[in-house]
Amino acid sequence: MVAGYVAVLLANVRHFFTDDTESQYTSLWVGLGRALREGTFPVMVPEQWMSGNNTMDDAGLFNPPQLLIDLIAPSVDNVALYATVVKLIFSIIAALGVYRVCLAYGGRPAWSAVAGIALPLSGFFLFFDEASWMTALTGTAWLVHAWAASVRYTRGLGGPIPVFVYLYLTISTQYIFPAVEAVLMLVAVAVGELVYQRKWRPVLRLTVAAGCAGLAGLLTFLPSMLSAKVTWRGTAQINNDQFLTVPWSESLNASLPSSLPAFSSWWGYVQPLPVTYIAWFLIPALAFVDWRRAREAWQELSAVAIFAIMMLMWTAGPGSVGPLRWPARVLPMLAIGLLVLVCVLLGRYGTVRDAKNRGIAAGVLILALWVRSFSADPHDWVWHVVAAVALLALVAAAVWLGRTKGTAAACALTIVAMFPIAYFQVSAAQPTPMSWNLPVKRSEAKAAFPDFAGNTIQLGDRGLLQPQDKSIEGAYGSLVFGNYARGLELDYVNGYTPSGHFYFGEMLCMRWDGSVCPDAYRRMFAPEPSTGRPLVDLMKLDRVVLQRALFPDAPNQPAPEGWKWVDYPGHERYIGVLERVGGPISTTNGRVADAKGVTATSISETDTTSRVRVSSAEGGRVVFSRLGWPGYRVTVNGTSIPMTTVAKSFVAVDVPAGTQNAELVLTWRPPGWKIGIATAVAGVLGICVLQWLHLRSRRREEPEPADDATPTEPDRELADVVS
């Protein structure tokens, strides 16, 4: 895997630092790591508004390896290097996991290693999960180990704890796709083991162990499930919009490195990336399996086939099922299923007997691959011919090595050939259409950026950036998009949010990457009807940064009342800056933004709790500078009272008449957190009981020594090893 990463980096040194990795994850790690170092568990950061509820998105708050990544992140200046190293580690974990799955199904070590290394160098995994979608990479890495542990447990080769641990790590990445894929994997294993063993007890034990892991991981998704009604993804609709849905004929075109599949995505119909490619040997290898002998293993391998068929069907649609959208995302799962199936069959039933006829069959398969690739992308037919010829040569060389030098030599060639293929695939995709080209060194980015103290909102549109703007010397020295501000250690409203808050987003016309519409400037300073206060006051903002490209004439107009235009030399090309005439207000009176008919004085503030001294003779309302996520509770002198919202966005509390010098406590906890903790405890206790039963059954199965026999020391050592 190190060699594979070197090959990819030679083609593009930023390959593993692109798209969501640069715009979302690395800066998120820095922000979470800073909070953890300060002794705060960052479930909520109110000043980040839509992106501040870390229980909603891909933060992995309850995943121990992810928390370790967060803790280290603030100490690393080069975030591209850090992301690459972290992804290398998880790619190795994923490769080892596929290797273990193959071994669990009786695969031979050499071909199992081929399968393991092939996955991280397969098309979609390499160009999306490893390059961009970090939680997809980590979730898959833990999922394959959960698969191996599940098979070993049902076959009496392992205990329930590995199943529990790996499934929990899969779930707690806080990304819904690995969690759902893990459920389907368990279904496939359960059905497959029933077919193979014809016993229900092993499947029951696996079901209980998986249920315990699900109970332990429930806290990961319970807050987002209970908050879904206020998010962009609050509906459970099933649609088939064809976006990123992959026809079966494309997803089966898995072995021609030049293949550019045809389906709808961000870049039109013919894709610029070989995302349906899996491994060069996968399809031609089918000609070198002794299928008559392989039929004897159909029951043992039925789970792998079932899983692959389920994933193949998923890739073709529907386009979205509730929060599960873009079926192409499960292409790595299809790759895992096919790699395990083919490599196990090659290891156990591979043959080069009748080499001539098998060679002809391999040639026909390669011709079919060429025809399909030509049909999808006829403009690059020459490259498809070159790739097909190279494929024929590699197959011939591997067969010759297998016949003359043995299986290990053939597998070594199979692996080594993956590296130049990965290099040429990544090189051919340059410049990558996914890159934001954000700075890689945080120190340089912070030095170039204005020192914006206090709370800031940026009104801009990332789509207006030109290629020449995407550098520290250009727009990235003045503007933030995605989670870039977290990496700069600045307090911005703007952030990256896959889920979003529907009403807040509509109010500001703010999108997932922090971009806004041209009407956002007017909306920021327009009075909110029920309070008469503009949004900049209700949000307690100290600064409004306007992107010149979106608001070219705004700095030439008079500043809104109570605000002034401030010059930041060297940044005038990209931004105009408004600041309050009387200085920052974000540090005044806590997060109390408005009080009508009530006096409200802040006592103390944390990210999750506001304590306010309130008095009201006739009753009034206090509005807080907090986004109205589900999970807020209010007490006045210990008595619970209802909470409401203003504009369906701002937390508000109606203070009862006759309240005098009372303590109002507003607290936020992730919705369902008590249930989640209770189920987590139940899950841990359940797996402990299951482990005790497992050990007890193992002891019962061990033969007892004869009464007149005294175990020798070597006997005891052997018994310990077996145990």
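**Figure 1. Contacts of Val275 in the predicted model.** In this predicted model, Val275 touches Gly123, Phe124, Phe128, Pro261, Phe263 and Leu331, leaving aside neighbours within four places in sequence. Val275 sits in the loop between β3 (268-270) and α12 (291-294). Its relative accessibility is 3%, so Val275 counts as buried, the cut-off being under 20%. One of the contact partners is Phe128. Along the chain, Val275 and Phe128 are 147 residues apart. Their C-alpha atoms are separated by 8.3 Å.

Figure 2. Helix α11 spans residues 248-251 and holds Glu250. Is Glu250 buried or exposed? Glu250 counts as buried, because its relative accessibility is 0%.

**Figure 3. Val340 in helix α14.** Val340 belongs to helix α14, which covers residues 331-349. With a relative accessible area of 1%, Val340 is buried. Beyond its neighbours within four places in sequence, Val340 contacts Val98, Val101, Cys102, Tyr105 and Val304.

**Figure 4. Trp147 and the largest nonpolar core.** The largest nonpolar core has 134 residues. Which residues have the most contacts inside it? They are Tyr105, Trp147, Trp280, Phe281 and Met418. Helix α14 gives the most to this core, with 14 residues. Trp147 touches Val101, Tyr105, Met185, Val189, Val304, Phe307 and Ile336, with residues up to four places away in sequence not counted. Val101, Tyr105 and Val304 are among the contacts of Trp147, and Val101, Tyr105 and Val304 are also among those of Val340. Another core lies apart from the largest one and has 61 residues. Among its members are Trp49, Ala59, Phe504 and Trp668.

**Figure 5. Gln24 in helix α2.** Helix α2 runs over residues 20-37 and includes Gln24. Gln24 is buried, with a relative accessible area of 2%. What does Gln24 contact, leaving aside its neighbours within four places in sequence? The partners are Asp58, Asn483, Tyr496 and Pro498.

**Figure 6. The protein chain around the close-ups.** The secondary structure comprises 25 helices and 19 strands. The radius of gyration is 29 Å, close to the 27 Å that the globule rule gives for 723 residues, so the chain is as compact as a globular protein of that length. Along the principal axes, the C-alpha atoms fill a box of roughly 90 × 75 × 45 Å. Of the 723 residues, 56% are buried. Contacts between residues at least 6 apart in sequence include 75% that join residues at least 24 apart. The chain exposes about 29700 Å², and carbon and sulfur atoms supply 61% of that area. There are 57 positive and 54 negative charges, and their mean positions are 6 Å apart.

How values were computed:
Residues are numbered from 1 along each chain as its sequence is written. This is a predicted model: local features need pLDDT of at least 70, side-chain atom pairs count only at pLDDT 80 or more; totals for chains, interfaces and linings use all residues. Side-chain values use heavy atoms; hydrogens and water are left out. Helices (H or I, at least four residues) and strands (E, at least two) are DSSP runs, numbered from the N terminus. The radius of gyration is taken over C-alpha atoms; the globule rule is 2.2 Å times the number of residues to the power 0.38. Buried means under 20% relative accessible area, exposed over 50%, partly exposed in between (1.4 Å probe, protein chains only). Contact means heavy atoms within 4.5 Å. Accessible areas come from the Shrake-Rupley method with a 1.4 Å probe; for residues, only the protein chains shown count as cover. Lys and Arg count as positive and Asp and Glu as negative; His and the chain ends are not counted. The place of a charge is taken as NZ of Lys, CZ of Arg, CG of Asp or CD of Glu. A nonpolar core is a set of buried Ala, Val, Leu, Ile, Met, Phe, Trp, Tyr and Cys residues joined through side-chain atoms within 4.5 Å.
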